Each structure stands twice: as C-alpha cells, then as structure tokens.
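Here's a quick briefing to read alongside the model. Have the sequence and the 3D view open as you go through the points.

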Amino acid sequence: MKKWYKAITKTIKSIFRDDLQLHFLWSYGLTTIGIYYTPMIFAGIILTILKEALDLWSKGNWSWDDFWFGFAGWILGILVVASV
C-alpha cells in the first residue's frame, strides 16, 4: 500500500507541480476577494498575465503552464463569487 501511495503521489506531483498550484491558488484567492470588493474579481487574471509578461521580459520565456493554472484559478474564483 505504501509503494502504491508513493507512486500515485509522485505522478500527481509531476502533473500538478507546486509552482502551478501556487499560480492557481494565488489567482483564485485574489479573485474570491471580489465577494467583498467587486473590482478584485479581475485581479487574478490581471496579475497572472502581468507576472507572465514580467517573466517574458526578465527571463525571455512565457510559461503557458503557469498561465493556464492561473486562468483556471480565476475561472473557479469567478464561479465562487457568482454563487455567493
């Protein structure tokens, strides 16, 4: 059972890396603040795009993985805000 658990964990961690989870949670968290302050609904996607633009400028590459996970966090955040 322990080997199976470690294998599953390794697979999941390789697909959903910690840095991608951070982009998702950052975007989701900022967007859900829109429950209390409506303009924050757009903060998740704006900061995701801004962060990737700064990476493009400083490192010379745009990470689509980071962008899509941030976008997914923003969409989920909008769904949460809309349901409240």
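Let's start with His-23, which sits in helix H2. Keep in mind that this is a predicted model.

**His-23 and its surroundings**
- His-23 has a relative accessible area of 15%, so it counts as buried, the cut-off being under 20%.
- Leaving aside residues up to four places away in sequence, His-23 touches Lys-51, Glu-52, Asp-66, Phe-69 and Gly-70.

**How H2 packs on H3**
- Two packed helices are described by the angle between their axes and the distance between the axes.
- Here, H2 covers residues 18–32 and H3 covers residues 43–59; their axes come within 7 Å and cross at roughly 140 degrees.
- That angle makes H2 oblique to H3, since roughly antiparallel would take an angle over 145 degrees.

**Aromatic rings**
- The model has nine aromatic pairs, counting rings whose centres lie within 6.5 Å.
- Take Trp-64 and Phe-67: their ring centres are 5.5 Å apart and their planes are at 85 degrees, so this pair is edge-to-face.
- Trp-64 and Phe-67 are three residues apart in helix H4 (residues 64–83), which puts about one helical turn between them.
- Phe-67 is buried, at 12% relative accessible area.
- Trp-68 and Phe-71 also form an edge-to-face pair, because their planes are at 90 degrees, with ring centres 5.6 Å apart.
- Trp-68 and Phe-71 are likewise three residues apart in H4, so about one helical turn separates them.
- Trp-68 is partly exposed, with a relative accessible area of 47%, and Phe-71 counts as partly exposed at 28%.

**Putting the rings together**
- Which residues do the ring pairs link into a cluster?
- They are Trp-62, Trp-64, Phe-67, Trp-68, Phe-71 and Trp-74.

Definitions and conventions: Residues are numbered from 1 along each chain as its sequence is written. This is a predicted model: local features need pLDDT of at least 70, side-chain atom pairs count only at pLDDT 80 or more; totals for chains, interfaces and linings use all residues. Side-chain values use heavy atoms; hydrogens and water are left out. Axes are lines fitted to C-alpha atoms, for helices over the stretch in contact, and angles run from 0 to 180 degrees between N-to-C directions. Helices (H or I, at least four residues) and strands (E, at least two) are DSSP runs, numbered from the N terminus. Angles under 35 degrees count as roughly parallel, over 145 as roughly antiparallel, 65 to 115 as roughly perpendicular and the rest as oblique. Rings of Phe, Tyr and Trp (its six-membered ring) pair if their centres lie within 6.5 Å; planes under 30 degrees apart count as stacked, over 60 as edge-to-face and the rest as tilted. Buried means under 20% relative accessible area, exposed over 50%, partly exposed in between (1.4 Å probe, protein chains only). Contact means heavy atoms within 4.5 Å.
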